[in-house]
Amino acid sequence: MTSFDVVDDALIARPSDDIDTANAAALEEELAASLQREPDHLILDLGDVRFIDSAGIGMLIRLGERLRQRRSRLVVVIPQSSPLVRIAEIVDLPAAVPVYPTVADAVAGSASQG
Amino acid sequence: MSQEVEVQGSASPGSRLERLQSVADSSLGYLSLEDMLGELLDRIRGALEADTAALLLLDEDRGVLVARAARGLEEEVRQGVQIPLARGFAGRIAAEGQPRIIDDLSTADVVNPILRQRGIRSMVGVPVHVEGRVIGVMHVGSLQRRDFVEEDVTLLQFAADRIALAIDNARLSEQRAVTEVMQRTLLPDALPVIPGLRFSAKYLPAGAGIRMGGDWYDVYPLADGRVTCVVGDVVGRGALAASVMAEIRAALRAYLHEGHEPAQAMELLNNLLVAMGRERCATVAMMQLDLETSEMLAVSAGHPPAVLVTPDGQAHLVEPRHGLLLGIKKDVRFYSHRFRFPVGSVLLLYTDGLIERRDESLDEGLERLAGAALDAARRDEDSFADRVYRALVGQAATDDDIALLAIEWLPLGPSLEMTLEAKPTVLAGLRRTLGRWLGGRGVDEDSTFDITLATSEAAGNSIEHAYGAREGRVSVNAEVDEAEIRVTVADHGRWRDPRPSGRGRGLMMMRGLVDSVEVDRGSGGTSVTLTKRRTGGR
């Protein structure tokens, strides 16, 4: 399940299930489609996600690229306490997609670069 | 009219025996049903020196007689003539279950226009019986006016009895085939494989498996790791009950899949049944197990209580606040009842055919059931469902269907062995089970997370690369000792070389999460062994 919120000109998506090879492709399509509405930044808040595997990481990188091509932007929120921090480090996720510890940081960060 | 005179005087003893023999001929039994019907109609027509012979069978659902086979009246079958019950010649024979003679058709009440068009003057007809029920009508007709006599009726009835037997046999084997197909389609052919849980089930249609009943069971694992078990009973028998059962089963799965809680799913299902106007009610027991909290959520719609055997060797009846049967009225509220389902427990769901005996009360039946469940929990041969079934039913023929489903939660031992279907949807369950097991072995949270994710990656690799779209199995074995945690993921395929941007990342993640990753590409398959030291991990 993914819930959506709009803050300023950013859309905040909050998935809650594990992201893995079983559902990564479906989530990618859901997120890509969600941006066809007005806001042009997608803030993906992974605060409720307890697990992401390499297929999920691959999806984030692909989605970031797709949004760039559409001149919008993907930023990812991973709270400091999240088990996902370690995975993001191992695969060097920030090199591909901007990662912020809080939604507020992400809103400020994406606005400053937007 | 010399023929008329001949016919009336035809009942000489010698010819009577011959006539009887022509109909009784045992070689008829070797013909197919179609050929046998035609041959028998020919013979009865010859034996009674009649011009026409016809067989109509009763369609019980629609209350009409339908022409099934005919001689001299073939158009009756071709046109699919239907005679309403209790009307006309054949209709009355079927309704009253008595033979009938018409001496002169021109003055009689006849529904079927073909009889008149064909110019039939006199007729005799008899009911076709199976076990006291009328299943059809057989009649012969004469173009000349004649008076059929008692002896003609007797001979015709004799032929009708033979036909009844042949048709009943053919119907039985047809119904058995249909029942078998329906059961295979409607009942889960394989119970899900969920590590730590053992399912066993039994389904027995009543009366030697001839009529499909409305009992069913189902196990439905949800994406979040909860497992829903359902047993239900649609009131009534036959194809309609079975089809309502199939609808209920599909609808329940859909509601659960959409994320509805059990009580809510039950409410939606009830409204659906009422709205569809199926005029069939059903009792349903639904139990949802949450492996993470060791809790079971129970909802009942008029279903008998489930039996819970706890690890301390006690049997309890699980009686959630009883909701009304499904399909009776709209907007009924259902309530769920939460109870502990600790490791080592067994839950038994069943339909009333398992315990109902004519000579005892429901309480006595439940007492016997609880005893059988306790006894089954102490034994180990066959499956739990088999043991309970044997104790309560055994060889006795039952007049009601029986469905039973047992869910056992087995303790996880010092090593964990799992065999999983090679499809991506098993990964979430694998992670949860492994996480639960590692936690139970005293492994700290961070190490549990790392090894679980690395295992998920390795298994994902097996599923994606080794098998592709083909079916297969992946086995996962885990061991923990004081020094380290070892997990081996093995398959029977061959890994393709990792793509640089895709699964290469998986291998990178595995290496980052555990201390060693050994990949063994053998001829029989690929195995990956992940090892993580227990102290000073990071």
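Reader: Which residue stands opposite Val474(B) in β18(B)?

Author: That's Leu420(B). Before we go on: this is a predicted model, where local features need pLDDT of at least 70, side-chain atom pairs count only at pLDDT 80 or more, and totals for chains, interfaces and linings use all residues. Residues are numbered from 1 along each chain as its sequence is written, while chains are lettered from A and ligands numbered from 1 in the order in which they are written.

Reader: What makes β17(B) and β18(B) a pair?

Author: Two strands pair if DSSP finds at least two bridges between them. Strand β17 (residues 415-421) of chain B has 7 bridges to β18(B), in the antiparallel sense, so the pair qualifies. Strands themselves are DSSP runs of E, at least two residues, and helices are runs of H or I, at least four, both numbered from the N terminus.

Reader: What joins β18(B) to strand β19 (residues 484-491) of chain B?

Author: Another 7 bridges, again antiparallel. Glu479(B) has Arg486(B) as its bridge partner, and Ala478(B) stands opposite Val487(B). With 3 residues between them, β18(B) and β19(B) form a hairpin.

Reader: Which side chains of β18(B) are buried?

Author: Along residues 473-480, Val474(B), Val476(B), Ala478(B) and Val480(B) point to one face and are buried.

Reader: Why do β1 and β5 (99-100) of chain A each have one side left without a neighbour in their sheet?

Author: That open sheet has 5 strands in the order β1-β2-β3-β4-β5 (chain A), with mixed pairing. β1(A) and β5(A) stand at its edges with a single partner strand each, so one side of each has no neighbour in the sheet. On β1(A), residues 2-7, the count of buried residues is 0 among 6. β1(A) and β2(A) form a hairpin with 2 residues between them, and Asp8(A) in the turn has a positive phi of about 50°.

Reader: How many residues does each chain give to the contact?

Author: Chain B gives 20 and chain A gives 15; contact means C-beta atoms, placed from the backbone, within 7 Å. α13 (427-440), α14 (445-467) and α15 (504-513) of chain B each supply at least two residues of chain B's side.

Reader: What makes the largest nonpolar core a core?

Author: A core is a set of buried Ala, Val, Leu, Ile, Met, Phe, Trp, Tyr and Cys residues joined through C-beta atoms within 7 Å. The largest has 69 residues, with Leu348(B) and Val388(B) among those with the most contacts inside it. Apart from it lies another core, of 67 residues, including Ala24(A) and Trp437(B).

Notes:
Buried ≥ 20, exposed ≤ 12 C-beta atoms within 10 Å, placed from the backbone. Contact = placed C-beta atoms within 7 Å.
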